[in-house]
Amino acid sequence: MLRFLARRILIMIPLTIGITFISFAAMSLIPGNFVANLALDPRISPQVLKQMEAEFGLDQPLMLRYARWLWGIAHLRLGVSLAYRVDVIHLIGPRVLNTVLLALSSMALTWLLAIPIGVIVAVRQNSILDRTLSFLSFLGMSVPAFFLAFLAIDFALWSGWFPVGQTMSPDYAALDLWSRIADRADHLILPALVLGLAGVASLMRLMRSQILEIKNADYVRTARAKGLPESIVLYKHVLRNALNPFVTMAGYGLADLLGGAALVESVMNLQGLGLLLLNAVMKRDVPLVMGSVLMGTVLLLVGNLLADMALAAVDPRVNFTTLEAQ
Amino acid sequence: MAAFAIAVAAVAAICGCRVNRPRNDHAATQTLYDSMVSDPGTFNPVLITDSASAVAIGDMFESLTRVNPRTTLFEPGLARSWEFSDGDQTLTFHLRHDVKWSDGAPFTARDVLFTMRVIYDPKIPNSMVSAMMIDGKPIAASAPDDYTVVVRMPRPFAPILSSMQFAILPAHVLAGAYEAGRFNRTWGIDTPPDRLIGLGAFLMTRYVPAQLIAYRRNSDYWMRDEQGAPLPRLKGEVHLIVPDQNAQYLQFQSGMTDVYHPRPEEVWPLEQAAKRLNITVAKVGIDTGSLFFAFNRNPRHYVHDGVADPRYQWFTDVNFMRALAHAVDKQGMIDLCYRGLAVPAVSDVSPENKIYHNPNLKDYGYNLELAAQILDRAGYRMIRPGVRGDPEGRPLVFRLTTNTGVPVRDQMCAIFKQDLQKLGITVNYRPLDFITLVKALDLSFDWDCVLIGFTGAIEPNDASDFLRSSGNLHIWDPAQPKPATPWEAQIDHLMDEGTMVVDPYKRARYYWQIQQILHDQLPMIETVRAVTYVAYRNSLENYYPTVWGLYHPEWIEFRAR
């Protein structure tokens, strides 16, 4: 297992360099740089713009700039944002926390809802309950998350039960630890629901078809033939095998959620990575963009690694030797 | 079924952690909540290039003079008085004796001289320095004593009071970092708020990135009200950072903020809900900027190998431009894009600039028949149905652009394109992302017509880079070695003359004349100006918004209940 881990981590290095170089080059190829934001400001003269370009090193060739950036990363420095003049980590840190919190809680919510519902509708295949929930799930899948976000924020305003956007209350700093956790959770419920709802629908459909497929497998028939009670057959034999694809999906799902979160974050005004990255690209704030890209890349790669390891733990047919062989 | 019950229980548990804390009572704590669209870039007053930073530290620092937003005239700030002498070439400021920095140190002339030294330092690129250069030379300043600053100019320079409106830095705090060459990274947004030493009405207590900035009242603030009671009256301020305007709108309705600047389409719904929400919706005034169609008349773009592109001839032909000016449906734009909440713009200076706006210009007026007549008479005739040609018979086709992401500009371009189509002129419209557009305007010059806006300032010389033929923002033909046309030469001359006279009312006539020239020669066609509104809680007292900022914000308070 250690060999497997070491190999996977080593592979991550060239992968990360490749992804970041492509992003870096793309950022440099689009016309204009950060200083161009200021070019239409009558108070800023062209000489000042030139001085700023030199100060930020924007007048140097692409390879040199990338090499410098990489050198900084090797020393665990993400660089200094051009727009904010502070270390990028200072900007990304709190937002990564918000985004990951949102993604994880919506994922947890999705699973908590989708798996039991999927089991129920599979067990009662073709009942009215099955039909109703299937209809609702198709509805859920076809409504885009950002639209749901608008509805949710209107609902919050109309009902007054939930805060309207933001990730914490203005008086957060004055609260004690438990109130802080409660305050955070209070602000998370609606966005997590919005982001998770489409996922609930599709995961529940997947769960249903998985169980229907496995329900008729040979080993299930054997289990029944042994005289095991139906609940043990269902929870131990059917459910455990039905869960395998979910474990794999979790790794990719995290990346998906990070992407989907950007839209919901923007509509519900949750200060996450998505909006920061979008604004940084618009402003050509290269160090900030690269910091966010690096963060996303690492999250995705680590997520996949964890998913693979979890699969080995859950599925007896998969072990680290077979994973390495892939 | 058990699984379903567990799921329901889980959801119920999550919902159960809702907190029932008392509603944050802004009036009881005398704390004003409003929202800003983005995080500040810096807390260092000299390094500011974005509006969010200016909002973030606006109440913490002050300058020698301030502008009365109602009269647009200068008022005493940190200087209690000033006078011109020596044929208007010397300006003497007498500073207040009773001003203290928030760490207790007194404010003195040393702080003013230090700030000027920083601004003039070539290693510190900043947006203040260009306004403080007179014919390319810096202003000399000296301090005969701790509370007097004497400014000497190489010639009379009327915009000097406006130039001297920079926020004063605390020399005793920042001189060390400056001497060590660390100024450009001093007072960034990672600075603990208690290390930001200010002297304004409010002091920062907390900055949570992407969430909020909180302030407390400066109990040592120098200003007093008529009864001699200390100001400001509010005990605190909070700026919530809310990038999405829809979210800002909803948060105002839910009571999270006390002040909101609605978009045109939100004004009517807010007025309808005013009673229920207990708010006032008030008209603030006319936008101070200008939004116009500019036409490229840059020979560097149109003339290649001695052959001029026909568009160069059209856009420099004043008859062609006059016809186009009659084809701008300003009322249509006002009704459609601004829900009626705008006025036609005639001059490049907003009517809110009370002294310098020329009220005598006559709007061209939307009249397609007249436009067609002018074109016919000037030789631009229909060459086939629906297509008009120039005197040489070449069809009239040009490109139109603006920056993406502003729906109003999209709609205005669509209206303009449609009306020109009726005249037989084909317009190819393609919006560009802002930075790409900027590169086209100031580097490649590859554009024909652009809908673009500039923000406005009270000091007319601030538009120097736009108005002078040598200016980089002289959009239609920037950075000319010498004026391309007689009227551009005349504008240059008037710009020089306008800076020689100190009295604003006597200065005004030079700028009125410049507005007349631009109106006649039409290098750009003005469109409309939005009428801005503000909505605020009825419990707020002394809230007097103007387009140039709040009038006496120190008096604002929540009514005691």
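Me: Which residue is the bridge partner of Thr92(B) in β9(B)?

Reply: That partner is Val150(B). A word before we go on: this is a predicted model. The bridge belongs to a set of five that join strand β5 (residues 90–95) of chain B to strand β9 (residues 148–152) of chain B in the antiparallel sense.

Me: What makes β5(B) and β9(B) a pair?

Reply: Two strands pair if at least two bridges are found between them. β5(B) and β9(B) have five bridges, so they count as a pair.

Me: Which sheet do these strands belong to, and what is its order?

Reply: They sit in an open sheet of four strands of chain B, ordered β4-β5-β9-β8, with antiparallel pairing. Neighbouring strands in this sheet are turned by 20 degrees against each other on average, direction ignored.

Me: Why are β4 and β8 of chain B called edge strands?

Reply: β4 (79–85) and β8 (140–145) of chain B each pair on one side only. Helix α4 (residues 109–120) of chain B lies across β5, β8 and β9 of chain B, and runs at about 165 degrees to β8(B).

Me: What is the other four-strand open sheet of chain B, with β1 and β12 in it, like?

Reply: Its order is β1-β12-β11-β10, and the pairing is mixed. Here the edge strands are β1 (31–36) and β10 (202–208) of chain B. β10(B) runs antiparallel to strand β11 (residues 212–217) of chain B, and six bridges join them. Phe202(B) stands opposite Arg217(B) of β11(B).

Me: How do you know that Met333(B) is buried?

Reply: The cut-off for a buried residue is 20 or more other C-beta atoms within 10 Å. Met333(B) has 22 C-beta neighbours inside 10 Å, so it counts as buried. Met333(B) is part of helix α13 (residues 330–337) of chain B.

Me: What does Met333(B) touch, not counting residues up to four places away in sequence?

Reply: Met333(B) touches Met412(B), Ile415(B), Thr527(B) and Val528(B). Take Ile415(B): it is 82 residues from Met333(B) in sequence, while their C-alpha atoms are 7.3 Å apart in space.

Me: What makes strand β15 of chain B "mostly covered"?

Reply: Five of the six residues of β15 (residues 290–295) in chain B are buried. β15(B) also has two antiparallel partners to look at. Six bridges tie β15(B) to strand β23 (residues 449–454) of chain B, with Gly453(B) as the bridge partner of Leu291(B). Three bridges tie β15(B) to strand β24 (residues 524–526) of chain B, where Met524(B) is the bridge partner of Ala294(B).

Me: Why does the size of chain B agree with a compact globule?

Reply: With 561 residues, a compact globule would have a radius of gyration near 24 Å; chain B has 27 Å, which agrees with that. Its C-alpha atoms fill a box of roughly 90 × 75 × 45 Å along the principal axes. Of the 561 residues in chain B, 44% count as buried. Among its contacts with a separation of 6 or more, 67% join residues 24 or more positions apart. Chain B holds 19 helices and 29 strands.

Me: Which residues touch the most other members of the largest nonpolar core?

Reply: They are Ala114(A), Ala149(A), Val194(A), Met207(A) and Ala535(B), in a core of 202 residues. Helix α4 (residues 88–123) of chain A gives the most to this core, with 18 residues. Leaving aside neighbours within four places in sequence, Met207(A) is in contact with several residues, including Ala114(A), Ile115(A) and Ala242(A). There is also a second, separate core of 11 residues, with Tyr510(B) and Trp512(B) among them.

Me: How many residues does each chain bring to the contact between chains A and B?

Reply: Chain B brings 52 residues and chain A brings 50 residues. On the side of chain B that touches chain A, α1(B) gives the largest share, seven residues. The residues on this side of chain B divide into 29 nonpolar, 14 polar and nine charged.

Me: Which residue just after helix α11(A) has a positive phi?

Reply: Arg284(A) does, with a phi of about 60 degrees. Within α11 (residues 273–283) of chain A, the buried residues include Leu273(A), Leu277(A) and Lys283(A).

How values were computed:
Residues numbered from 1 in each chain as written. Chains lettered and ligands numbered in written order. Predicted model: local features only at pLDDT ≥ 70, side-chain atom pairs only at ≥ 80, totals over all residues. Contact = placed C-beta atoms within 7 Å. Nonpolar A, V, L, I, M, F, W, Y, C, P; charged D, E, K, R; others polar. Buried ≥ 20, exposed ≤ 12 C-beta atoms within 10 Å, placed from the backbone. Core = buried A, V, L, I, M, F, W, Y, C linked by C-beta atoms within 7 Å. Axes fitted to C-alpha atoms, helices over the stretch in contact; angles between N-to-C directions. Rg over C-alpha atoms; globule rule 2.2 N^0.38 Å.
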